[in-house]
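This report covers helix packing and the nonpolar core. Please look at the structure below before reading on.

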Amino acid sequence: MAKSIMQNMVILLCLVLVQVLICNHIMLFNVAMVFVFIYVIINLPMDLNTGWLLTWAFIAGLIVDIFSDTPGVNSLACTLLAIVKRPAFYAYIPKDDRTKNIEPSLASLGFSVYSKYLLTMVAAYCVMVFTIEYFNFADIKEIVIMSASSAILSFLILLGIDSLIVNKPK
């Protein structure tokens, strides 16, 4: 367990650096942003204490906020993502598997279940970020376009990252 936590911490730091140094400066067609740092929040083990999950999510979002000049947007969205994590995950797995310690990944869940879970989480995060950022429903069309395009782009990038990080199912 401690090895997994340390491994996740190293991956989180690397992805936060990639987000801050590279991804925050790329906006595809002026509508799509890539959010890679949420990968660790999405893939933390399901048996992780809720307090630790919320703390990790808030700190990751806060670090990105500090370097992105977005006061509180990512920290709020990451904390809300951590709250939505368990219900979204349990919506896609059988009831028999809910008692097992599952670390969400492509290797442990299979492509179909993991891709549904990942797309749900990424879409929820993108909707939260752009809704909080705009904080105005007069721009609903722009919020929907940016959320959908960012969710699809981030989903594809995170699916690629997960296929590169090899975790053997237990």
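Which residues in α6 meet which residues in α7?

## Helices α6 and α7

This is a predicted model. On the α6 side, the residues are Phe111, Tyr114, Ser115, Leu118, Leu119, Val122, Ala123, Cys126, Val127, Phe130, Thr131 and Tyr134. In α7 they meet Glu142, Ile143, Met146, Ser147, Ser150, Ala151, Ser154, Phe155, Leu158, Leu159 and Asp162. By class, this contact of α6 with α7 has 16 nonpolar, 5 polar and 2 charged residues.

Helix α6 covers residues 111–134, and helix α7 covers residues 140–164. The two pack at an angle of about 140°, and their axes are 8 Å apart. Angles over 145 degrees would count as roughly antiparallel. The pair α6 and α7 is therefore oblique. The crossing of α6 past α7 is right-handed.

## Helices α3 and α4

Helix α3 (residues 50–68) and helix α4 (residues 73–90) cross at roughly 155°. Their axes come within 7 Å. So α3 and α4 are roughly antiparallel to each other. Their crossing is right-handed.

From α3, the contact takes Thr50, Leu53, Leu54, Ala57, Phe58, Gly61, Leu62, Val64 and Asp65. From α4 come Val73, Asn74, Ser75, Cys78, Thr79, Ala82, Ile83, Lys85 and Arg86.

## Helices α4 and α6

Helix α4 also packs on α6, at an angle of about 150° and with the axes 9 Å apart. That makes the two roughly antiparallel. The crossing of α4 past α6 is right-handed.

In α4, the contact residues are Val73, Asn74, Leu76, Ala77, Cys78, Leu80, Leu81, Val84, Lys85, Ala88 and Phe89. They meet Tyr117, Thr120, Met121, Tyr125, Met128, Val129 and Ile132 in α6. This contact of α4 with α6 has 15 nonpolar, 2 polar and 1 charged residues.

## The nonpolar core

Which residues touch the most other members of the largest nonpolar core? They are Phe35, Phe37, Ile38, Ile42, Tyr125 and Leu158, out of 53 residues. Two or more core residues come from each of α1 (2–21), α2 (38–43), α3, α4, α6 and α7. Helix α6 gives the largest share, 10 residues.

Take Tyr125 from that list. Setting aside neighbours within four places in sequence, Tyr125 is in contact with Phe35, Phe37, Ile38, Asn74, Ala77, Cys78 and Leu81.

Is Ala77 buried or exposed? Ala77 lies in helix α4. Its relative accessible area is 0%, so Ala77 is buried. Beyond residues up to four places away in sequence, Ala77 touches Tyr125, Met128, Val129 and Ile132. Ala77 and Ile132 are 55 residues apart in sequence. In space, they are 8.0 Å apart, C-alpha to C-alpha.

Gln19 sits in helix α1. Its relative accessibility is 0%, and Gln19 therefore counts as buried. Leaving aside neighbours within four places in sequence, Gln19 is in contact with Asn24, Val34, Phe35, Val36, Phe37 and Val64.

Conventions:
Residues are numbered from 1 along each chain as its sequence is written. This is a predicted model: local features need pLDDT of at least 70, side-chain atom pairs count only at pLDDT 80 or more; totals for chains, interfaces and linings use all residues. Side-chain values use heavy atoms; hydrogens and water are left out. Axes are lines fitted to C-alpha atoms, for helices over the stretch in contact, and angles run from 0 to 180 degrees between N-to-C directions. Helices (H or I, at least four residues) and strands (E, at least two) are DSSP runs, numbered from the N terminus. Angles under 35 degrees count as roughly parallel, over 145 as roughly antiparallel, 65 to 115 as roughly perpendicular and the rest as oblique. A crossing is left-handed if the near helix is turned anticlockwise from the far one by less than a right angle, and right-handed if clockwise. Contact means heavy atoms within 4.5 Å. Ala, Val, Leu, Ile, Met, Phe, Trp, Tyr, Cys and Pro count as nonpolar, Asp, Glu, Lys and Arg as charged, and the others, Gly among them, as polar. A nonpolar core is a set of buried Ala, Val, Leu, Ile, Met, Phe, Trp, Tyr and Cys residues joined through side-chain atoms within 4.5 Å. Buried means under 20% relative accessible area, exposed over 50%, partly exposed in between (1.4 Å probe, protein chains only).
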